[in-house]
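I opened my notebook for a first look through this one. Come along, and keep the model in view while I jot things down.

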Amino acid sequence: LDQRDGGMTIGFDITETEDGTRLAADLGRSLEYPLGIISGRVGVARGVGGDHFLTGGLRLTRALPHGNLSFDLSRDIGSSSLEDNEQINTTLSVTYLHELSPVANLNLSANWAETDQTGSGIETNSASITATYRRELSTDWGMNVGVRHRFRDDGVNGSARSNELFLNLRRDFLTRF
């Protein structure tokens, strides 16, 4: 629903899984200001076991003279990608984008996530910090160069850390049908 200073959303979701039916409903609001956008949502979900969980999210985006800063916090219920177990996903991310020139920018991001399986109570935490330099080489070629540090800790296998240096070249293709 469009309002004069932002939008309002109403959501309802029914998900059929092998273990049963999951229901979720939420209400959201977005407010637009000259320097940025604030949006939030709050809801409730009934898991396949009949338990009720609070869900929601908050997103803040601030426009800066040469880029933007964003903050995103959310809590939702879903299924794991490996074993299709129901889990609560809580995420937090902070991103800073600085435009260096019309064809280049620097992106700094920090992310944290926690997954809690509703059936077994196993909890997994993961985090990453990334710095990426992105440059457009031509109208259809681009390059990303960066570094990333990751951390993961779960209640079964212990913890692990890794460092990554990356270089990505990409090409955009345009086709017509």
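I started with a residue pair at the end of the sheet: F151 has R161 in β11 as its bridge partner. The strands here are β10 (residues 141-154) and β11, which run antiparallel and are joined by 14 bridges. I count strands as DSSP runs of E with at least two residues, numbered from the N terminus, and I call two strands paired if DSSP finds at least two bridges between them.

Before going on, I noted that this is a predicted model, where local features need pLDDT of at least 70, side-chain atom pairs count only at pLDDT 80 or more, and totals for chains, interfaces and linings use all residues. Residues are numbered from 1 along each chain as its sequence is written, and side-chain values use heavy atoms, with hydrogens and water left out.

**Entry: the whole sheet**

The chain has 0 helices and 11 strands. An open sheet of 11 strands runs in the order β1-β2-β3-β4-β5-β6-β7-β8-β9-β10-β11, and its pairing is antiparallel. Which strands sit at the edges? They are β1 (2-3) and β11 (158-171), each pairing on one side only.

- β2 (residues 6-17) and β3 (residues 20-33) are antiparallel and share 10 bridges.
- G28 faces R41 in β4, and 2 residues lie between the two strands in their hairpin.
- β4 and β5 (residues 52-64) run antiparallel with 11 bridges. V42 has G56 in β5 as its bridge partner. In this hairpin 5 residues lie between the strands, and G50 takes a positive phi near 95°.
- β5 and β6 (residues 67-79) pair in the antiparallel sense over 9 bridges. G56 turns up again here, opposite R75 in β6, and the hairpin of β5 and β6 has 2 residues between the strands.

**Entry: two residues up close**

I picked E32 first, which belongs to strand β3. Is E32 buried or exposed? E32 is exposed, because its relative accessible area is 53%; the cut-offs are under 20% for buried, over 50% for exposed and partly exposed in between, with a 1.4 Å probe and protein chains only. Leaving out residues up to four places away in sequence, E32 touches D5, G6 and I37, where contact means heavy atoms within 4.5 Å. I also looked up T61: it is 29 residues from E32 along the chain, and their C-alpha atoms are separated by 9.7 Å.

Then I turned to A110, in strand β8 (residues 104-117). A110 counts as partly exposed because its relative accessibility is 34%. With residues up to four places away set aside, A110 touches L92, S93, V94, S128 and I129. From A110 to Y96 is 14 residues in sequence and 9.2 Å in space, C-alpha to C-alpha.

**Entry: an enclosed space**

How many cavities of 30 Å³ or more does the structure hold? I found 1. A cavity is a set of points, on a 1 Å grid over the protein atoms alone, where a 1.4 Å probe fits but cannot get out; lining residues have an atom within 4 Å of a point. The largest cavity contains about 30 Å³ of space, with volume taken as the space filled by probe spheres set on the points. T17, D19, R22, V48, S79, D84, N85 and E86 line the largest cavity. This lining divides into 1 nonpolar, 3 polar and 4 charged residues.

**Entry: the chain overall**

The C-alpha atoms fill a box of roughly 55 × 50 × 40 Å along the principal axes. The chain has a radius of gyration of 20 Å, whereas a compact globule of 177 residues would have one near 16 Å; the radius is taken over C-alpha atoms, and the globule rule is 2.2 Å times the number of residues to the power 0.38. Of the 177 residues, 22% count as buried. Among contacts between residues at least 6 apart in sequence, 34% join residues at least 24 apart.

Notes: Helices (H or I, at least four residues) and strands (E, at least two) are DSSP runs, numbered from the N terminus. On a 1 Å grid over the protein atoms alone, a cavity is a set of points where a 1.4 Å probe fits but cannot get out, and a pocket is an open set with protein on both sides within 12 Å along at least five of seven lines; lining residues have an atom within 4 Å of a point. Ala, Val, Leu, Ile, Met, Phe, Trp, Tyr, Cys and Pro count as nonpolar, Asp, Glu, Lys and Arg as charged, and the others, Gly among them, as polar.
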